[in-house]
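Thanks for making time this morning. I would like to walk through one model with you, with the cut-offs stated as we go.

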Amino acid sequence: MDSQDKILKQDVSDDNMAAAAANVENNPTVTAPEEQTQPIAPEATAETPAPEAEQPQEQRTYATKQAVLDRVKEIAHSDETPAKDEIDHLKTVFYKLHFAERDAEQKAYLAAGGDPEKYTVMPDEQEEAFKAEMGIIREKRAEAFRKLEAEKQDNLQKKQAIIDKIKMMSTSPEEANKSYNEFKELQQQWRDIKAVPADKANELWRNYQLYVEQFYDLLNLNRELREYDFKKNLEQKTQLCEAAEKLADEPDAVSAFHQLQELHQQYREIGPVAKELREQIWTRFKAASTVVNKRHQQYFENLRAKEEENLTRKTALCEQVEAIAKEDNKGAGDWEKHTKQIIEIQGQWKTIGFAPQKMNVKIFDRFRAACDDFFGRKAEYFKTLKTTFAENIKKKRALVDQAKALADSTEWKSTADKLINLQKEWKTIGMVPKKVGDQLWAEFIGACNTFFDARNAATADSRNEEQQNLSQKRGIVDQLRQLLDAKEGADDAQSKIQQLTDQYAKIGHVPFRDKDKLFRDYHKVLDALYKQLNISVSKQRLDNFKSSLKDMAKHGEDSLDNERGRLMHRYEQLKSEIVTYENNLGFLSVSSKKGSSLIDEMNRKVGKLKDDLELIRQKIKAIDAENK
């Protein structure tokens, strides 16, 4: 499932959270001594997302993964401290190119007729190198963060020392007047000292502003200088108010918020204004800040709403994959169909942005677990199927070898039967991969065709003769049918029937496929003729016999007795033959066409013998009547 992990991969590293907090760490809440402490910006937490809008408007473009990797290496092995927005941009661009490259490779493989089940994602050296360099960058950022924290603690102590000095100067007007120049130097030092820990910034600023204003309120030595400072501070704060008011028209709410934090930092570093103007200037600055803060807050509310919507959509995709993973796959076709469905869902997943930070990793883990479950069971199925395929290939290969061994045989009948049995056995063997199956079938059917083509060529003359025999026998059957409607005497009809049956018997074999039907037609018409002729012939023969008895009686009783003895001997012979045929009939089976035909033939013979037996019995009765 490495390929699926990479398809679904998202950057949820701890750098995002740490950097998000760092963005607002140096911009603490601004307060002023002119009124009660009020927040200017919402408090930043580690859960605050780092929106795309925080990135600079202009980002460097990269056309290849190698170009991104080169830039990452440059950052990793240089002394520069990498900016979070650039690192995020590099990550996004690299994996966008990476996934596009993987998708193109898979589509090219499938377009070339590749088997989807056999497609595997090869390791990417560039990706491994990218991860290694990003690890170095993360360590550099962590080290820079530790140094910054240490520097903030040092700055805190320095600013606390400045507050303590100003506090000592603000104890009396005399102390304030003689320390004015030192006070101005301390203000400059304060401005030169930068960031302090965020949790201490507001309290530190309130104390500083408190003692600065106390110092100015006690300063009586040079009122003109103080008024000049108030005027200059008012001008600077007025400019900051104007700049803050212009931020209301800034299209990027996040950028406007960050610019506002810089204005607040500058506002803090400017000294107080005249006491009667302090409330007014602060109210103006606060009003402009409120507009920017509301836009910033609305931006993140919309962002959170979008993230909740993304969570809902991703949850629905998880449920779809979980439902597909539970379905029963009865064969490779079902696995292939469900694979395409899941890959399509994975494509939809990539189009959806981040979910809320608390749920982003959890929902991704749920989605990946469902995909892993499906693809893991699919891999196990095809592993088992591969074993079955190997066994089936072995069996079919054995049949191919047997067919090739028989291909040159000239034992037409026995070899044909063997090849037909091999073809039946081939059908009982299960599936094999299409490519191998087509190759084996081509070899197998080629060997069979080699034999049957040779047999057909060798027996071509024989088949022509069989067709001629068939035509002749059908002509005899037609002549027999014509006798059924003829009005000829019994003796003439019987004579013709005998001639035709003799001709029929002398004709050779007919094609095998026509043999059974011809046999049925021939004996059907014979049965009808015998049934029609037996009545008239037997009656005619009996009448003729009775007429000859009078001539026979003229020669004496010995002639009649001799004839009676001959007839009795014939009578016993016929009875014996009938018994023999009937016994033989009890041992025959009708399970085959040949067996059924033989039984019909013997039944006809038994019927004829019984008719002859009855005629002899009637002749004996006629002799006994004549002797009386």
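Predicted model: local features only at pLDDT ≥ 70, side-chain atom pairs only at ≥ 80, totals over all residues.

Residues are numbered from 1 along each chain as its sequence is written, and side-chain values use heavy atoms, with hydrogens and water left out.

The largest nonpolar core has 22 residues, and those with the most contacts inside it are Val321, Ile342, Trp349, Phe367 and Phe374. By such a core I mean a set of buried Ala, Val, Leu, Ile, Met, Phe, Trp, Tyr and Cys residues joined through side-chain atoms within 4.5 Å, where buried is under 20% relative accessible area, exposed over 50% and partly exposed in between, with a 1.4 Å probe and protein chains only. Two or more residues each come from helix 11 (275-326), helix 12 (332-351) and helix 13 (357-406), with helix 13 giving the most, 10 residues; helices (H or I, at least four residues) are DSSP runs numbered from the N terminus.

Leaving aside residues up to four places away in sequence, Phe374 touches Ile324, Ala325, Trp335, His338, Thr339 and Ile342, contact meaning heavy atoms within 4.5 Å.

As for the pair, the axes of helix 11 and helix 13 come within 9 Å and cross at roughly 20°, the axes being lines fitted to C-alpha atoms over the stretch in contact, with angles from 0 to 180 degrees between N-to-C directions. Helix 11 is therefore roughly parallel to helix 13, a label for angles under 35 degrees.

Notes:
Parallel < 35°, antiparallel > 145°, perpendicular 65-115°, else oblique.
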